[in-house]
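Have a look at the model first.

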Amino acid sequence: MAKAVGIDLGTTNSVISVMEGGRPEVIVNAEGARTTPSVVAYKGDERLVGQIARRQAALNPGATLFEVKRFIGRRWDEVREEANRSPFKVKEGPGGSVRIEVNGQDLAPEQVSAEVLRKMVADASAKLGTSIKDVVITVPAYFDNSQREATRQAGEIAGLNVLRVINEPTAAALAYGLERKGNETILVFDLGGGTFDVTILELGDGVFEVKSTSGDTHLGGADFDQRVVDWLAGEFQKEHNFDLRKDKQALQRLIEASEKAKIDLSSASETTISLPFITFDPETRTPMHLERTLTRAKFEELTADLLRRVREPVQRALDDAKLTASGIDEVILVGGSTRIPAVKRIVQDIIGKTPNESVNPDEAVALGAAVQAGIIQGDSSLGDIVLVDVTPLTMGVEVKGGMIAPMITRNTTVPAKKTEIYTTAENNQPGVEINVLQGERPMASDNKSLGRFKLEGIPPMPAGRPQIEVTFDIDANGILNVSAREKTSGKEASIRIENTTTLDRGDVDRMVQEAEQNAAADKQRREKVEKRNNLDSLRVQALGQIEENASAPQDAKDKLKAAADEAEEAVRSDDDAQIAGAQKRLEEELRTFMTANQAGQEGGQPQAGAQGQPKADDDVIDADFKPAE
Ligand code: AMP
């Protein structure tokens, strides 16, 4: 059986890992890196994923998509503000969902995330030498139902079998607790690129029991970057009366420079941000430059309110776990943003303990996901590990007066199932609409509607008589299924889901197909480019041989030169048949030439390139994708 892998599908970076010899290990990507930027770029009908996409972002801002996790499974009205800050076009989609418009095409965030997953799994399959299908994907603990469902669908669109969607802090705790003995209560403080999670767990004898979880899905490293962007743009505007945020390319460069400055300030007390030629004066067309020094103190001042926002979720998690700060034995930091010194300070201040830094904040989540994948696949090296997780938010239905009637309250252990009986409010009501909600506020309208179900065909009865049995069923992924049945009449009624932001079955199937076609087209395109590049490098080698063997007979040199010229012509033509013919001829001529000159060349075998093979993965990548114009 092929091994299942664990994937941390991060806002900014993603990591993939697998169980090897009883321990989880990160799998490096095709570029040799342990983390892959969660960035997808579209150039014509080509897709670039990871570092290569990130590198060309400033030149292709409208079609380089990053931090798409902020939009996955969201309603448009939840993300409108963030969407407006984005250099690419985010807009309202069907049923109040979110779509990203790229080159005139509307993409669901799930499709974009699927591209990241597809690359990670393809690279890992190549590294492990086996085709990977089964995955565990992590999500922020505070993700609601539609965000979880959308993440699972992203996996499906990537052609994967998603064994489980697990919470990032719980995964981090698995990685941390794997080698710990004895009982302890830990608090996982996870501040990543786009989300903040805090989870309290009890560990002991192989049991990982989540006691409570809380967080803020609108708080992460990108918000810290945005403060620097706004400060830089504000300073620039004061000086030049020009808002850089209105210029897409300038904005993309500002975002990158701001993130870099923030990261610098985690180790330095001040940093200089220098962006020459950031824009042109609209009137005189003279270039304008930006140069500013940012101190750590100023950065902390700009982000003070963001730092304060972590307090409340920590307190809520402690309260829900019925603990005070002194009941926490260890604080585990996860997520790149916990490297910010002020973040560490505030954690220490709230809990009164120096955070434990034994786990790598960038990798712990993926490592834990691999452990979970191992548990599901029955990896015997893991022994008996039991994971007990909870649902982060209360789920319920809307009842008369626009109130929410909770069915499953937050921090209930999952999987969970609950049935309640409801009835009608009016005489002879033929049907009811069940609005399924998630959130902690008492009024339905202040919470998130996960979907509406219509139960129709109720026979005429006075108000209060029908017995409508509503069942909420949360699976181990934290994903909710709802069913309803009218009991008095004994009649089964049909249920329809309306107005959900997640994709319907037909959409997913279509996207799976599209993604497969795209992957096949990408492969073809890549193979074509490889063939062209191989021929070109063979041509260069042939010319080198002629030069090195100046004393060879003229007609032999001429023949080889003619084959090289033919190759040059074929490379220019980009015609498959012509390239294949020229490759064959040049290989033959080169072989003949080299054999004839063997005596003069000690060990002069043709190199790998002469056989038409690329020398290394890196060569393929660099040759495959040209820098953007
Ligand atoms: P993650 O989602 O865990 O990959 O976290 C990514 C976030 O961590 C991004 O916002 C990064 O800018 C941020 N980050 C990474 N390294 C550092 C650092 N040394 N100091 C501050 N923030 C960092």
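## Cavities

The structure contains 8 cavities of 30 Å³ or more. A cavity here is a set of points, on a 1 Å grid over the protein atoms alone, where a 1.4 Å probe fits but cannot get out; points are joined across faces, edges and corners, and the volume is the space filled by probe spheres set on them. Keep in mind that this is a predicted model, where local features need pLDDT of at least 70, side-chain atom pairs count only at pLDDT 80 or more, and totals for chains, interfaces and linings use all residues. Residues are numbered from 1 along each chain as its sequence is written, and side-chain values use heavy atoms, with hydrogens and water left out.

The largest cavity holds about 80 Å³ of space. Its lining (residues with an atom within 4 Å of a point) includes L9, G10, T11, S38 and V40. Helix α3, residues 109–128, gives the most to that lining, with 3 residues; helices are DSSP runs of H or I with at least four residues, strands are runs of E with at least two, and both are numbered from the N terminus. By class, the lining has 6 nonpolar, 4 polar and 2 charged residues. Nonpolar covers Ala, Val, Leu, Ile, Met, Phe, Trp, Tyr, Cys and Pro, charged covers Asp, Glu, Lys and Arg, and the others, Gly among them, are polar.

## The ligand site

What surrounds the ligand? There are 13 residues around it, the closest being T12, G193, E259, K262 and S266; to count, a residue needs a heavy atom within 4 Å. They split into 2 nonpolar, 8 polar and 3 charged. Helix α7 (248–264) is the biggest contributor to this shell, with 3 residues. Domain 1 (5–219 + 310–390) and domain 2 (221–306) each supply at least three residues, with bounds from an automatic or database domain assignment.

Most residues other than glycine have a negative phi, and most peptide bonds are trans. N241, not a glycine, has a positive phi of about 55°, and is found in the loop between α6 (221–240) and α7. The V414 to P415 peptide bond is cis, with omega near -5°; P415 sits in the loop between β22 (413–414) and β23 (416–422).

How values were computed:
1 Å grid on protein atoms, 1.4 Å probe; cavity = no way out; pocket = protein on both sides within 12 Å on 5 of 7 lines; lining within 4 Å.
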